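Subject: Structure for you to look at

Hello,

Here is the structure I promised to pass on. Please open it first, then read my notes below.

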Amino acid sequence: MARPELLAPAGDLERLKVAIRYGADAVYLGGKSFSLRARASNFTLADIAEGVRHAHARGARVYVTTNILPRPGELDGFCDYLAELERIGIDGLICASPGIIQLALQHSSLPVHVSTQQSLTNSEAVNFWYSRGVERVILARELSLEEIRTLRARTGVELEAFVHGGMCASYSGKCTLSNTLAARDANRGGCAHSCRWAYELLGPRLESRFEDAFSLSAKDLRAIQEVPELYSLGIDALKIEGRMKSVHYVATVVNTYRRLIDTLHAGEPLKLKTFLEEIAKAENRPTASGHLRGTPTRDAQLFSRDARRPIQRFAALVRDYDTERGEAVLEQRSPFRVGDTLEVLSPDLPGETITISELRDEAGIPIAVARHPRQRLRLRTDVALKPYDILRKQAPNSIATTRKT
Amino acid sequence: MDIIVAADAPLVESLKTSSADGVIFGVAPFAQRFRENYKPSRLRELLKDVSGAGFDVWLAMNAIIHEEELPQVKQTLEALRGVSASGLLFADLAIIRLAKAVGLELPLIYHPETYVTSAADVRALAAAGVDVHVLARESTLEGIERIAEETDAKLAFVGHGHLNMFHSRRHQLSLFAEQQQQSPPARGIVHYIREHSREGRCPIYEDARGTHIFRPHPSAAFQAVESFKNHLDFLIVDSLLLEDAAVLTAVEDYARARSGQTIKGDYRQYDSGFLFEQTGLKPGGRS
C-alpha cells in the first residue's frame with residue numbers, strides 16, 4: 001500500500017516552513033491573484049519561489065491554488081502567471097473554474113488538480129476531468145467512506161480527500177449566501193462565512209428566536225478515526241484545511257496526522273486515543289467526522305450550545321537554540337511564568353516537557369512572567385530545541401519526561 | 001431571446017396561450033428545485049400534450065449526483081431516448097458522459113448555478129459538448145455582455161424568480177428539529193430564516209437532496225431586457241415559490257419588454273439579483 005501524501009495549508013512562508021518541519025509531504029498556497037482566501041496573506045511570486053526552494057530542499061512539494069471562479073476580465077494575465085509558476089517549478093495547480101482548468105491544461109505542463117470547489121461527487125464526473133488530462137481530483141466533502149470506496153474502484157485519477165478543518169455547510173463552490181447577505185463574493189475569495197451566523201427561524205412547523213438560534217454551521221472535520229480506512233482505500237492524498245490558521249494549529253494538526261499515517265504505514269498497532277488527545281490541543285472549533293460515516297447527525301452540527309472554544313495552549317514559538325550555551329530564543333504567544341511546566345511540540349522530541357526555572361527578556365534581564373505578545377525571551381534549557389518547535393501549556397496526563405531547566 | 005419557463009403541468013396549461021417560447025420540466029428523481037418532477041413515462045405524455053403549442057421543451061436533470069445513483073441516472077437517460085424534447089438541462093458533469101454512453105442525442109444545457117462565470121468557462125464546456133451555457137446566477141449585466149461578446153456559444157440566464165443561494169446535503173431543518181426535540185418538518189414545507197441585522201427573510205426548505213435556501217426576494221430582470229436581446233439566446237423564468245398568476249404576468253411583461261412595450265406588472269417586491277449589484281472581497285462589496 002502506497003503511503004498517501006499529507007498535504008497542509010500554508011498561509012504564509014512561516015506556516016509553509018512549519019508545515020514542512022512537522023512532516024507535511026506537500027503544502028498548498030495561494031498567490032496574490034486567482035486564489036480564494038483573499039484574507040490569507042497570500043504569496044508574491046518571490047515568496048512562492050522561496051517556498052518552492054525551501055520545500056524542494058526538504059523533499060516536499062508545493063501546489064498553488066488558482067481556485068477562484070473568475071469574472072470576465074479577471075483572467076487577464078493568467079497565462080503569464082502560469083508561465084511564471086512553471087518557471088519557478090511548482091508541483092501543481094489547484095483549479096475550480098472549468099475555464100481555468102482548460103487554460104492550465106492547454107498552456108502549461110503543470111499537473112492540474114481539480115479543487116473541491118467543483119464538488120465532484122461521482123466517478124463519472126471525476127472521469128470527465130480525468131479524460132481531459134487532470135492529474136488529481138480533490139473530492140467533495142459530502143462523500144461517505146462507502147462512496148469513496150466505490151469511486152476509488154472506478155477511476156484511475158489520483159484522489160485527494162479532506163481529513164481535517166473547516167467545512168462548507170453548502171456544497172462547495174455552489175454557495176452565494178455571502179454574496180447575497182454580505183455583498184462579498186464567496187467564490188472569488190471574499191466569503192463572509194454567512195453559514196456560521198445565527199438566524200431566526202420562522203415557519204409553519206419550526207421556530208427559533210435569536211437567543212436559541214438556528215444554525216447552518218457544521219462542526220469542523222476531524223478524520224483521525226477514518227484515516228485508517230482512507231489509507232486502506234488507496235487514497236493518494238490527505239488534506240488539512242486552513243490557510244487562515246495559526247502556526248500552532250498547523251504544527252499540531254500536521255504533526256498528529258504525520259505520526260498517524262507513519263504508524264499505519266509501518267503496520268504498527270494504532271492507539272487512536274493518543275492521536276485524538278493530541279489533535280484536541282489545536283485551537284480548532286468543535287469537530288466531527290463530517291459526511292465520512294454517512295448522513296451527518298445533529299452531533300455534527302454546530303449549534304450555539306456547542307460553540308465553545310478549546311483552551312488556548314500555545315505559549316511560545318522557538319526561534320533559535322544555541323547548543324553551546326544551552327539557551328533558546330522564544331517568541332511569546334500567550335502568558336506563562338517561571339514555575340510553569342511547558343510541553344514541547346516538536347517532530348524530534350515527542351513527549352518532552354520543560355519546567356521553567358528562569359526566564360530572561362531579550363536584554364538578559366530576569367522576568368517572572370512572559371506576558372507581552374510576540375516578546376522575545378531567553379530560556380536556559382538542556383533540551384535541544386530547534387526553530388519552529390513550540391512550547392505550550394502542559395495538557396493533563398501527557399507528561400512523558402520532565403526536565404528542570 | 002426566447003423566454004423559457006420552468007414549469008409544472010398545471011402551469012403549462014396556462015402557458016400554452018402565453019408568450020412563452022419554451023418550458024422546462026423536471027425529470028424525477030434527478031431534478032431539484034422544481035415545482036414537480038416527472039418520470040419519463042409521464043414526460044412523454046406532457047410532451048405530447050404541449051406539442052401543439054410550439055414550445056421548446058427542456059428536460060432538467062440538475063441534481064448533484066452521488067455514486068450510488070449512477071445506475072439509475074443511466075436508466076433514466078435511456079428512458080429519455082427518442083423523446084421530442086429540445087434540450088437536457090444538467091448540473092453534474094457526469095451527465096455529459098452518461099448521455100453519450102446511452103446514445104441520448106438531446107442538446108446539452110449546462111446549468112451548474114455558479115461555474116459559468118467567464119468566456120473561458122463557456123469555451124471549455126463547449127469543447128466538451130455543451131450546446132447551451134446557463135451563466136452563473138451571480139453574473140452582473142456587464143459580465144453577461146462581455147461573455148456574449150467573447151464567445152459565439154448559445155447563452156442562457158435565470159433572470160426571474162427566487163434565486164437559490166445555498167444547497168447543503170445536510171437536512172438542516174430536521175437536524176435543528178431533532179436538537180429542539182421536535183418532529184422534523186415535511187419535505188418541501190417552506191420556512192424562513194432571518195439574520196437580525198438584515199432586512200428580509202430567506203425561504204428555506206428540505207427535500208430528499210438536502211436543504212435549499214433562496215434570496216429574500218424574487219428577482220426580475222426587466223431593466224436588462226434590452227441588453228439581453230442582443231446578448232442572450234434564452235431568458236429563464238423560474239416559477240418555484242411563485243404563484244401561477246405572477247409567473248404568467250411576468251412572461252407577458254418580458255414579451256412586452258422584448259418588443260419595446262411598457263410592462264404592466266407590479267414588481268416592487270422584486271430585486272434585480274446581482275445584475276447591477278456591486279459585490280467584492282471586502283465588506284460593502286469592495287474589492
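Two strands count as paired if DSSP finds at least two bridges between them. E10(B) runs antiparallel to E11(B), and three bridges join them. In this pairing B:Ile193 sits opposite B:Cys202 of E11(B). Please keep in mind that this is a predicted model.

Strand pairing in chain B

Go on to strand E11, residues 202–207 of chain B. Five of its six residues are buried, so the strand is mostly covered; a residue is buried here if 20 or more other C-beta atoms lie within 10 Å of its own. What pairs with E11(B) in the antiparallel sense over four bridges? The partner is strand E12, residues 210–214 of chain B. A hairpin of two residues links E11(B) to E12(B). B:Ile204 has B:Ile213 in E12(B) as its bridge partner.

Across the chains

E10(B) also pairs with the other chain. Three bridges join E10(B) to strand E8 of chain A, residues 200–202, and the two run antiparallel. Here A:Leu202 has B:Tyr192 as its bridge partner.

Helix H4 of chain B deserves a look of its own. Its buried residues are B:Ala94, B:Ile95, B:Ile96, B:Leu98 and B:Ala99. They pack against H5 of chain A. Within chain B they pack against strand E4 (56–61), helix H3 (70–79), strand E5 (87–90) and strand E6 (108–110). Just after H4(B) comes B:Gly103, with a positive phi of about 75 degrees.

Chain B as a whole

Chain B has nine helices and 13 strands. Its radius of gyration is 19 Å, close to the 19 Å that the globule rule gives for 287 residues, so chain B is as compact as a globular protein of that length. The C-alpha trace of chain B spans about 50 × 50 × 40 Å along its principal axes. Of the 287 residues, 52% count as buried. Take the contacts in chain B between residues at least 6 apart in sequence: 61% of them join residues at least 24 apart.

Most residues other than glycine have a negative phi, and most peptide bonds are trans.

- B:Ala28 and B:Pro29 are joined by a cis peptide bond, with omega about -5 degrees. B:Pro29 lies in the loop between strand E2 (22–27) and strand E3 (37–38) of chain B.
- A:Ser119 is not a glycine, yet has a positive phi of about 50 degrees. It lies in the loop between strand E5 (112–114) and helix H5 (123–131) of chain A. Is A:Ser119 buried or exposed? A:Ser119 is buried, because 27 other C-beta atoms lie within 10 Å.
- A:Arg374, also not a glycine, has a positive phi near 70 degrees. Its loop runs between strand E18 (369–370) and strand E19 (376–380) of chain A. A:Arg374 has 8 C-beta neighbours inside 10 Å, so A:Arg374 counts as exposed.

Best wishes

Methods
Residues are numbered from 1 along each chain as its sequence is written. Chains are lettered from A and ligands numbered from 1 in the order in which they are written. This is a predicted model: local features need pLDDT of at least 70, side-chain atom pairs count only at pLDDT 80 or more; totals for chains, interfaces and linings use all residues. A residue is buried if 20 or more other C-beta atoms lie within 10 Å of its own, exposed if 12 or fewer, and partly exposed in between; C-beta atoms are placed from the backbone. The radius of gyration is taken over C-alpha atoms; the globule rule is 2.2 Å times the number of residues to the power 0.38. Two residues are in contact if their C-beta atoms, placed from the backbone, lie within 7 Å.
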